Amino acid sequence: MEIAGLPPDILVEVTANIATRSSTPLDDIVNLRRSCKLFRDATAARKVGRCMAVQREWRLHWWDKTRFLSVLRRCAASGNPEASYILGLELFCNRRRKASALRHLRCAMEHGHAAAAYMIGMIMLHQSRSPGGTEQALECLDRLSASASAGTWTRRRVASVRREALSVMRRLTMRRWRMAEPPTPCSNPWCGKAETGSVEAWDDGDDEERRFCSRTCWWKHEYCKFIQKI
């Protein structure tokens, strides 16, 4: 069957599949767009922008940042969570546009992007002097652990998300975060102390096991660890 005989929705599905699976999605989509009018129309579909594997186009960040940001904006406008996530961090880290940055990060979070929820929490904890900042931060961060209240799997998952967030941050900027003031220490002298052999111990694969008296203390510890590693 010739391409001209295929329904438009099939062409969109084929194009979206290429955008998702290709190791060079942008080049492939551009080539499809140039091939014929039918594929040019298909590549303009929102589903293609939503599926674009923008994380495979990091080379553009160094070679042609203007184009990279343009691609991110178009994909984010189509509902691409990864594009919204990277664009949000770019706006926060390099352009100091906090409101726009958080809007993009929240959009990614609402589409289930774990690292976006993590970064919203870290940003709010970093600027926790704002009214309700700590409470909003913990609300976002608790989305990461809603499926397994305080289990080891959840804490390892958080460590994995932290590494993902740090990887993107380091690609985008060389600036380091500095704590204006450390989080208020817990009144419980045993909170955060290293302890082995406990089901509720902190264990993320790159730190000692620790116990915390509350999730608030756990997330404050996570924030300090993030600052140290960034």
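The description given here rests on a predicted model. The buried residues of α9 are Ala114, Ala115, Ala116, Ala117, Tyr118, Met119, Ile120, Gly121, Met122, Ile123, Met124 and Leu125.

The axes of α7 and α9 come within 10 Å and cross at roughly 20°. Since angles under 35 degrees count as roughly parallel, α7 and α9 are therefore classed as roughly parallel to each other. The crossing in which α7 passes α9 is left-handed. On the side of α7, the residues involved are Tyr85, Leu89 and Phe92, and these meet Ala115, Ala116, Met119 and Ile123 in α9. The residues of this contact of α7 with α9 comprise seven nonpolar, no polar and no charged. Within α9, the contact residues Ala115, Ala116, Met119 and Ile123 are also listed among the buried residues of the helix. In general, an α-helix has 3.6 residues a turn, so residues three or four places apart point the same way.

Helix α7 (residues 81-93) and helix α8 (residues 98-110) pack at an angle of about 160°, and their axes are 8 Å apart. Because angles over 145 degrees count as roughly antiparallel, α7 and α8 are roughly antiparallel to each other. Here, too, α7 passes its partner α8 in a left-handed crossing. Helix α7 contributes Pro81, Ser84, Tyr85, Leu87, Gly88, Leu89, Leu91 and Phe92 to the contact, while α8 contributes Lys98, Ser100, Ala101, His104, Leu105, Cys107 and Ala108. By residue class, the contact of α7 with α8 divides into 10 nonpolar, four polar and one charged. Tyr85, Leu89 and Phe92 of α7 take part in the contact with α8 and also in that with α9.

Elsewhere in the chain, Asp27 has its place in helix α2 (residues 25-35). With a relative accessibility of 32%, Asp27 counts as partly exposed. When neighbours within four places in sequence are set aside, Asp27 is in contact with Glu57 and Arg59. Asp27 and Glu57 are separated by 30 residues in sequence, and their C-alpha atoms are 9.6 Å apart in space.

Notes. Residues numbered from 1 in each chain as written. Predicted model: local features only at pLDDT ≥ 70, side-chain atom pairs only at ≥ 80, totals over all residues. Heavy atoms only, no water. Buried < 20%, exposed > 50% of the residue type's maximum accessible area, 1.4 Å probe, protein only. Helix = DSSP H or I, 4+ residues; strand = E, 2+ residues; numbered from the N terminus. Axes fitted to C-alpha atoms, helices over the stretch in contact; angles between N-to-C directions. Parallel < 35°, antiparallel > 145°, perpendicular 65-115°, else oblique. Left-handed = near helix turned anticlockwise from the far one by under 90°. Contact = heavy atoms within 4.5 Å. Nonpolar A, V, L, I, M, F, W, Y, C, P; charged D, E, K, R; others polar.
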